[in-house]
Amino acid sequence: MTTESDAGTGTGPGTKTPAGGYGPTGGEPSREPYEHPTAGWGAAKSVGKVLARAKEPVSSTRLMTVMNHEDGGFDCPGCAWPDDLHGLKLDLCENGIKHATWEMTPDRAGKEFFAAHTVSELATWPDYDLEAAGRLVGPLSYDPETDHYVPVSWADAFALIGETLRGLDSPNEALFYTSGRLSNEATFLYQLFAREYGTNNLPDCSNMCHEASGRALTAAIGTGKGTVDLNDIDTADALFVMGVNAASNAPRMITALADAYRRGAQVVHVNPLIEAAAGRTIVPHEFGAMATFKATPTGTLNLQPRIGGDLALLRGIAKHVLEAAEKDPKAIDEEFLHRFTEGFDAYRDLCAATPWEDLEAASGLPRSEIRAAGDVYLNSFRTIISWCLGITQQEHGVDTVREIVNVLLLRGNIGREGAGPCPIRGHSNVQGNRTCGVDHRPKQEFLDRLADACGIDPPREPGLDTVHGIEAMASGAAKVFVGMGGNFVRAAPDTDFTEQALRNCELTVQVSTKLNRSHIVHGRRALILPCLGRTERDLQEAGEQAVSVEDSMSMVHLSRGMKRPASPHLLSEPAIIAAMARATLPGSATPWESYVDDYDRIRDTMEHALAGFDAFNRRVRGPHGFRLRQPARERIFQTPSGRAEFSLAALPDPNPGEGLLTLATVRSHDQWNTTIYSSDDRYRGVRNLRTLVFLSADDMRERGLTDMDLVDITSIARDGSRRSVHGYRALTYDLPRGCAIGYMPELNSLCPLGDYSPQSDQPLMKHLTVEVTPAR
């Protein structure tokens with residue numbers, strides 16, 4: 001099998017260059033090294049442009065000054081980094097402003113817009129132009145006779161959903177997908193609807209992002225979450241930041257890294273690319289630094305393992321520590337290991353039996369650099385290791401996260417202030433989605449509590465995740481796809497195959513704020529249901545409502561929109577879910593309408609159904625909300641042994657083969673998940689270009705390439721099939737030999753659906769085997 005997609009073929013109004021430039025910038029593609037601090041005046045300039053583009057700069061600026069705060073304002077709908085706990089009133093970042101103003105645009109995609117453009121025409125538009133059409137203002141139904149989306153009443157839309165779902169042979173023929181945008185309350189109603197209907201088919205964005213983290217942490221310490229909070233970040237002696245460019249993915253983390261450097265902590269960045277987050281920053285709310293252009297370093301050591309070499313690096317750090325312990329027993333925490341861990345002796349033997357030469361070859365790092373990282377760890381009493389998708393989207397992501405835990409266990413760095421594992425979640429409530437029940441493999445204890453609290457009999461067999469859900473749509477085993485937020489077709493792997501799978505559905509339903517590619521790639525029948533955004537007031541029968549979210553450090557707090565809704569015809573996400581449920585389950589005893597009238601009633605039920613949500617309504621209204629209890633933080637490990645468990649993974653071989661490269665997909669700086677704000681990537685020095693591949697100088701030279709040469713990129717799947725993109729620009733970058741980097745979602749088309757980690761079922765978005773050749 002060979003699939004091919006051509007770069008730069010969009011013909012919508014925003015297309016500027018054959019090389020893929022689009023959006024508000026346009027112009028010829030170019031690149032120059034980025035040598036400036038992160039944030040600072042570069043971010044301020046970018047924010048100014050964003051606010052001007054929003055066409056409501058005064059009201060948008062006012063809203064930005066109160067975002068993230070419970071005393072008037074809303075929680076940032078961007079990343080899941082926790083809010084400042086010290087009363088900071090400017091706890092926002094460039095990407096948060098982009099995210100919020102993108103939603104607050106005054107542009108509207110109403111019936112006139114859809115009357116003027118067929119779906120076939122919209123399919124030729126770049127993704128930027130689809131979203132730039134503006135906010136959706138009313139429900140829409142696809143008319144196959146005219147190839148247009150046409151207005152439909154809410155009642156008729158819900159009736160179609162109910163009729164279709166009731167007509168399926170089995171509830172397992174439906175998929176209920178969610179991105180990380182859903183609030184806790186909407187999430188709880190969504191999973192309740194799916195389970196009362198009769199299925200655990202609840203794929204979500206975690207299946208593609210941090211599934212490996214959850215599975216690894218659950219196996220190792222008995223919880224699927226990290227144990228760290230912001231106070232720990234503020235007191236750590238050393239922070240290891242692995243597989244993430246925090247300057248783009250969690251920009252508010254940069255402030256914490258600068259603070260850590262100033263107090264003398266060591267900050268080690270582990271990434272095949274030396275990213276901007278590893279350099280210097282000017283924190284925007286530090287006015288003196290802004291006035292004097294005074295930058296603060298955000299890193300003390302950079303390590304560049306080859307893609308897939310992180311486990312070997314961590315094993316090397318452990319080996320270094322254990323060798324030190326042979327001379328000084330205090331190098332490890334023997335009391336902790338004896339009281340709280342299982343399997344230490346076997347792990348020590350494994351490290352001793354692993355030759356340094358193997359660790360160097362597998363990591364791509366010399367022994368001296370691995371030992372330097374080991375010394376940082378040895379000299380730190382309190383150590384945090386954080387990581388993101390650069391770790392989890394590998395074939396051995398679960399093993400690598402477990403190796404992170406192994407290293408932390410050696411020196412007792414779990415259950416200690418200023419220490420612990422810290423996964424960096426992406427979307428603002430992706431962790432809350434899983435906490436509140438969106439999980440295709442629910443635990444029996446959760447289902448028992450749900451049954452008792454809600455009076456339903458939930459299904460007990462596991463459901464389908466993202467990868468297997470796509471396979472089911474393609475085969476006809478799944479006939480209905482409901483998507484709550486996100487842009488599924490762009491986020492998923494194997495783009496062409498995923499598109500064909502969605503088109504094979506009897507009905508697709510997309511709940512969204514703006515138009516995106518997943519609305520254009522639709523089933524035989526299709527609905528677009530527009531919802532309120534996080535920035536907008538949610539007025540129900542009992543008055544103005546607030547919803548809650550959980551950040552990446554288990555803090556649960558309220559979010560309340562401030563702006564007038566973009567249209568009087570929008571419904572809230574809880575209202576849409578409840579109406580779908582009532583139409584599908586007309587005899588349901590669940591008080592769907594009552595839940596929508598007053599979200600406190602949803603929270604009252606959640607209190608009984610979810611562990612840790614006692615006195616939910618009272619506690620969530622406190623300053624900064626409340627933190628969900630983490631037993632592992634108290635050194636209570638809910639594993640089969642009752643202890644934290646060492647793992648004994650074999651050392652993977654990251655060598656892709658002669659003449660081949662390992663490709664990882666990343667986001668640009670001017671991008672949030674699948675939403676692309678422009679074709680620029682400020683922190684990597686790229687302008688007007690997204691169809692590119694970064695290669696090391698050696699790999700460029702071996703292929704006879706110079707900067708901006710056109711190349712073809714072909715992935716080689718495990719089954720031998722090949723997928724190609726053509727006409728991409730090759731750019732030299734500081735990378736380990738044998739590694740390649742390019743942007744998602746463009747390069748998701750190269751990720752075969754069948755190439756997923758057997759440990760986590762995650763697609764290998766950052767572990768693809770490819771060949772790069774001069775363009776034909």
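Visitor: What are the ground rules?
Guide: Residues are numbered from 1 along each chain as its sequence is written, and side-chain values use heavy atoms, without hydrogens and water. The model is predicted, so local features need pLDDT of at least 70 and side-chain atom pairs pLDDT 80 or more, while totals for chains, interfaces and linings use all residues.

Visitor: Where is Asp310 found?
Guide: Asp310 is in helix H14, residues 310-327. A helix is a DSSP run of H or I, at least four residues, numbered from the N terminus.

Visitor: What makes Asp310 a residue with no salt bridge?
Guide: A salt bridge needs a side-chain nitrogen of Lys or Arg within 4 Å of a carboxyl oxygen of Asp or Glu. The nearest side chain of opposite charge, Arg306, is 9.8 Å away.

Visitor: Why are H14 and H16 called roughly perpendicular?
Guide: Their angle is about 100°. Angles of 65 to 115 degrees, between N-to-C directions, count as roughly perpendicular. H14 and H16 are therefore roughly perpendicular. Their axes, lines fitted to C-alpha atoms over the stretch in contact, lie 9 Å apart.

Visitor: Why does Cys388 count as buried?
Guide: Its relative accessibility is 7%, so Cys388 counts as buried. Cys751, at 0%, also counts as buried.

Note on methods. Helix = DSSP H or I, 4+ residues; strand = E, 2+ residues; numbered from the N terminus. Buried < 20%, exposed > 50% of the residue type's maximum accessible area, 1.4 Å probe, protein only. Lys, Arg positive; Asp, Glu negative; His and termini not counted. Axes fitted to C-alpha atoms, helices over the stretch in contact; angles between N-to-C directions. Parallel < 35°, antiparallel > 145°, perpendicular 65-115°, else oblique.
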